[in-house]
Amino acid sequence: MRYDFHRSDALSTPNPGGNVWPRQSCPAFSPRKEYLPAEDSQCWFCRYADFHLTHPVALEVGVCCWPEIQIG
């Protein structure tokens, strides 16, 4: 079952070691260099989230690695 988060599903704090969904966001958001401003501050675009974007298959549910930067 896939659960789609909406913009209103913002985290109040970072979730280190926990799952993050692409549309979630939190106050620690820091954009990656490839960030598109039109996409807002979603975890999918955060440099602290690990969605295995450098692997052949990305994860649907990522892992929050705050405060360790995953992708610059």
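**Figure 1. Lining of the largest cavity in this predicted model.** The lining of the largest cavity comprises 12 nonpolar residues, 3 polar residues and no charged ones. Here Ala, Val, Leu, Ile, Met, Phe, Trp, Tyr, Cys and Pro count as nonpolar, Asp, Glu, Lys and Arg as charged, and the others, Gly among them, as polar. A cavity is a set of points, on a 1 Å grid over the protein atoms alone, where a 1.4 Å probe fits but cannot get out; lining residues have an atom within 4 Å of a point. The 15 lining residues include C26, C43, C46, Y48 and C64, which lie nearest the centre of the cavity. The volume of the largest cavity is about 90 Å³, and the structure holds 1 cavity of 30 Å³ or more. Grid points are joined across faces, edges and corners, and a volume is the space filled by probe spheres set on the points.

The model is predicted: local features need pLDDT of at least 70, side-chain atom pairs count only at pLDDT 80 or more, and totals for chains, interfaces and linings use all residues. Residues are numbered from 1 along each chain as its sequence is written, and side-chain values use heavy atoms, with hydrogens and water left out.

**Figure 2. The largest nonpolar core.** This core has 12 residues, among them L11, V20, A28, F29, F45 and F51. A nonpolar core is a set of buried Ala, Val, Leu, Ile, Met, Phe, Trp, Tyr and Cys residues joined through side-chain atoms within 4.5 Å. Buried means under 20% relative accessible area, exposed over 50%, and partly exposed in between (1.4 Å probe, protein chains only). Of the 72 residues of the protein chain, 28% count as buried. In soluble globular proteins, nonpolar side chains tend to be buried together. Beyond its neighbours within four places in sequence, F29 is in contact (heavy atoms within 4.5 Å) with Y35, D40, S41, Q42, F45 and C46.

**Figure 3. Cysteines C26 and C65.** A disulfide is a pair of cysteine sulfur atoms within 2.5 Å, and the count by this rule is 0. C65 is in no disulfide either; its nearest cysteine sulfur, that of C64, is 6.7 Å away.

**Figure 4. S25 and Q42 in the loop between β1 and β2.** Strands (E, at least two residues) and helices (H or I, at least four) are DSSP runs, numbered from the N terminus. The chain has 0 helices and 3 strands. S25 lies between β1 (19-20) and β2 (49-50); it counts as buried because its relative accessibility is 14%. Leaving aside residues within four places in sequence, S25 is in contact with D9, A10, L11, S41, Q42 and C43. With residues up to four places away not counted, Q42 touches P22, R23, Q24, S25 and F29. Q42 and V20 are 22 residues apart in sequence and 9.7 Å apart in space, C-alpha to C-alpha.

**Figure 5. Backbone at H52 and at P67.** H52 is found in the loop between β2 and β3. Its phi is near 55°, a positive value in a residue other than glycine. H52 counts as partly exposed because its relative accessible area is 27%. P67 lies in the segment after β3 (62-64), and a cis peptide bond with omega of about 10° joins W66 and P67. Most residues other than glycine have a negative phi, and most peptide bonds are trans.

How values were computed:
1 Å grid on protein atoms, 1.4 Å probe; cavity = no way out; pocket = protein on both sides within 12 Å on 5 of 7 lines; lining within 4 Å.
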